[in-house]
Amino acid sequence: MSHEDRGGDYYPMMDDPEDRNFTQAKYPNSTGHMPLDDYHGIEMLRDDEHSLLHESPVSIPAIHNLDSFLTDVYNYFRGKGFMCIFFNDLFELVSSLFVVLFFTFLVCFVDYSKLFSEQMPPPTFRESVNFSAPIPIWLMVFLVIFSLYWLSKLFSFLSSIKTNWEISSFYHNTLKINEDDIQTIEWREVVSKIVLVPRLCIVKENMNALDIANRIMRKENYIIGLINQRILNLSIPFPFLRNLTFITKTLEWSLMYSLFNYIFDENGIIKSEFQDPTQRKRLSRGLSRRFMTIGILGLFTTPFIFFFLLINFFFEYAEELKNRPGSLFSREWSPLARWEFRELNELPHYFQNRLNLSYSHANQYVESFPSQMLSTIAKFISFLFGSVLAVFIVMGIVSDHFIMNYQIFDRTPIWYIGILGTIVAITRSLIVDENQVFQPAKHMARTVQNTHYLPMSWVGKTHTHKVRDEFLVLFEYRIVDFVRDIFSVLFTPFILIFSLPKSSQAIIDFFGNNTIILEGVGPICQLGDFSNIRKLGDNSFGSLNHSQNKISLTNNAKLEKSIINFKCLNPEWNTDNNELIQNLNEFSKIKNNNNNNNNNNGNNNHIGNHSPLPATSVDDFQYIHDSHYIPHEIIDAVLGTHHYSEQNNNAPRFKTGRVDQNILNAVNDLHQSFYESQYRHKNDNFVNSI
């Protein structure tokens, strides 16, 4: 396979004559540096342009795998510099060791019969602790397994120090970004500097933001596609539990370990045999055996992993439960929802920013369905226990002796204060705020702006409990997520042994059918290429104007939304030849012309242009429309309303409603107020400027 096809042969970036000769031979017109005129769509960096393009880099590490190098560069950016990464990894290592050692101390060496005895005076620390006590066999086995795991983490930590130091030098000396700047710099600025580094990629002269994203997310794009197309069978193979489908950290790690080490080579490139249709039956059987083997091995380690997660949960959340009991009942997106929401080529920090923006709106949507019965019961319980708690606190202020020594059913008041305080905090969190205005459609619209997720079955029904229940499957309590993480250790081996092997053939077919060779990048998931819209796109979402193609390889316009999302995050990305963007430009021009015609005819009533609301909807449209935060395209998608053009009957017909939400939510805030403000002020040049 050639260098261009593999995308995996990379060369040390040193001023070696042989390297220079190779570059001259491959690019006859090249002078050893990339010409400025070839950086289409990349914002030039005037300050550092000369230093990056015309000075010989003196501290660039030898790059033998560009994917790995760019991933390290990105992780360094995300970790906010060398010292932050160093201490974060160090403290994580020390914390895991402390948890196990402290647990061992509590289980083996503390004499609880003396510690809780009522003898006077109470026993001292030396009397209550016996370091000569034997360690149980089960704990000894656990400690041996943990020691091997911890030593491997220690070795990984030590090796990462050298790697991060080299990346630090690359940032400081080549990209001219110091440790202070990396705390606040945007990734797109880092990318715009990376593409100016000479001979970074020997097989492609002009690397761009999309190439870098495809390299960093070469494997993750496949997982996003598998989840989006519902290929993975993740059901629990037990009666009454078969309908439960979820992803946890343990299952996610097991799945990726099973797939990545089997399908990709040591350079992170998909093996050529997976693109051979004649080999798929054999590869499918091999993948099934791999799933079952890892599942069987997991059965032996399940008790120890379960035990470790349990004690880690106790130490991690005990203090939080004491000080903020309601925090465990706050909600967050489930791991399955995260994979559903994530766009192709969307780097983790961008995705996390998008989710962070959605939390407040998602919570407000859930709170728009208050349970008056539960609120009434919680208010009553809070009143009863709060009254007793208040009396104990007042009497404790008056007399220290009472609160520390007075006995109530063999317990002192200080014990009751802790219990009552926790109960009151939890019940008060369940009481409905009487001053709250409930607008479920408005909050759903704001949530959709950031999650990019709105199934058609939800349109016009966001006020119903059916949609709310489906929403809560994705947006669940933290405590539920962690409990599921713990118990998934018990279920994951059975999912690997019985459920996932049923998906092996479909998985192999997906990798084989969706792998293309991208020039200068190598084999990637074709969904991440963003150029083959005519084959992979869906005309329901703006990909095609006149084609009769009804086949889309992604659900819920994943490809179209990913392209728009990537353009929002990388404005310098050149989209002159992107078919989707061209279609949207045409759609935008038609829409703007129709708006101008309406204004010329004296029709200035914007609300009047909407079709009637669905008869079953009880949403207050006026409240929603008054919010400039929400573009009306998203309002239309949530409510199921549409904008129709009566002036221009010859205009290309898009399927309204769906195209608006899934395509024009490019201005969905995405923490970029520049785009939002352009849209809000009806800047006619916004889409054309893309």
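Me: What makes a residue count here, and how are the residues numbered?
Reply: Numbering starts from 1 along each chain as its sequence is written, and side-chain values use heavy atoms, with hydrogens and water left out. This is a predicted model, so local features need pLDDT of at least 70 and side-chain atom pairs count only at pLDDT 80 or more, while totals for chains, interfaces and linings use all residues.

Me: Happy with that. Why is Ile 270 called buried?
Reply: Buried means under 20% relative accessible area, exposed over 50%, and partly exposed in between (1.4 Å probe, protein chains only). Ile 270 has 4% relative accessibility, so Ile 270 counts as buried. Ile 270 lies in the loop between α12 (249-263) and α13 (280-323).

Me: What is Ile 270 in contact with, leaving aside neighbours within four places in sequence?
Reply: Contact means heavy atoms within 4.5 Å. With those neighbours left aside, the partners of Ile 270 are Tyr 222, Ile 263, Phe 264, Gln 275, Phe 511, Thr 515 and Pro 523.

Me: Is Thr 302 buried or exposed?
Reply: Thr 302 has a relative accessible area of 8%, so Thr 302 is buried. Thr 302 sits in helix α13; helices (H or I, at least four residues) and strands (E, at least two) are DSSP runs, numbered from the N terminus. Beyond its neighbours within four places in sequence, Thr 302 is in contact with Val 489, Leu 490 and Pro 493. Thr 302 and Thr 492 are 190 residues apart along the chain, with their C-alpha atoms separated by 9.1 Å.

Me: Why is helix α9 described as largely enclosed?
Reply: Six of the eight residues of α9 (residues 187-194) are buried, so the helix is largely enclosed by the rest of the structure. Those buried residues are Trp 187, Val 190, Val 191, Ser 192, Lys 193 and Ile 194.

Me: What makes a set of residues a nonpolar core?
Reply: A nonpolar core is a set of buried Ala, Val, Leu, Ile, Met, Phe, Trp, Tyr and Cys residues joined through side-chain atoms within 4.5 Å. The largest one here has 86 residues, and Tyr 171, Trp 187, Ile 194 and Leu 259 touch the most other members. Not counting residues up to four places away in sequence, Ile 194 touches Leu 70, Val 73, Leu 175, Trp 187, Leu 200, Met 207 and Ile 212. Apart from that core lies another, of 20 residues, among them Phe 351, Tyr 359, Leu 472 and Leu 474.

Me: How many disulfides are there?
Reply: A disulfide is a pair of cysteine sulfur atoms within 2.5 Å, and a search of the whole structure finds zero. As for individual cysteines, Cys 108 is buried because its relative accessibility is 10%, and Cys 525 is buried because its value is 1%.

Me: How do you know that Glu 166 forms a salt bridge with Lys 162?
Reply: A salt bridge is a side-chain nitrogen of Lys or Arg within 4 Å of a carboxyl oxygen of Asp or Glu. The closest N and O atoms of Glu 166 and Lys 162 are 2.7 Å apart, which meets the rule. Both residues lie in helix α8 (residues 137-174), four residues apart, about one turn of the helix. An α-helix has 3.6 residues a turn, so residues three or four places apart point the same way. Glu 166 has a relative accessible area of 29%, so Glu 166 is partly exposed, whereas Lys 162 reaches 56% and therefore counts as exposed.
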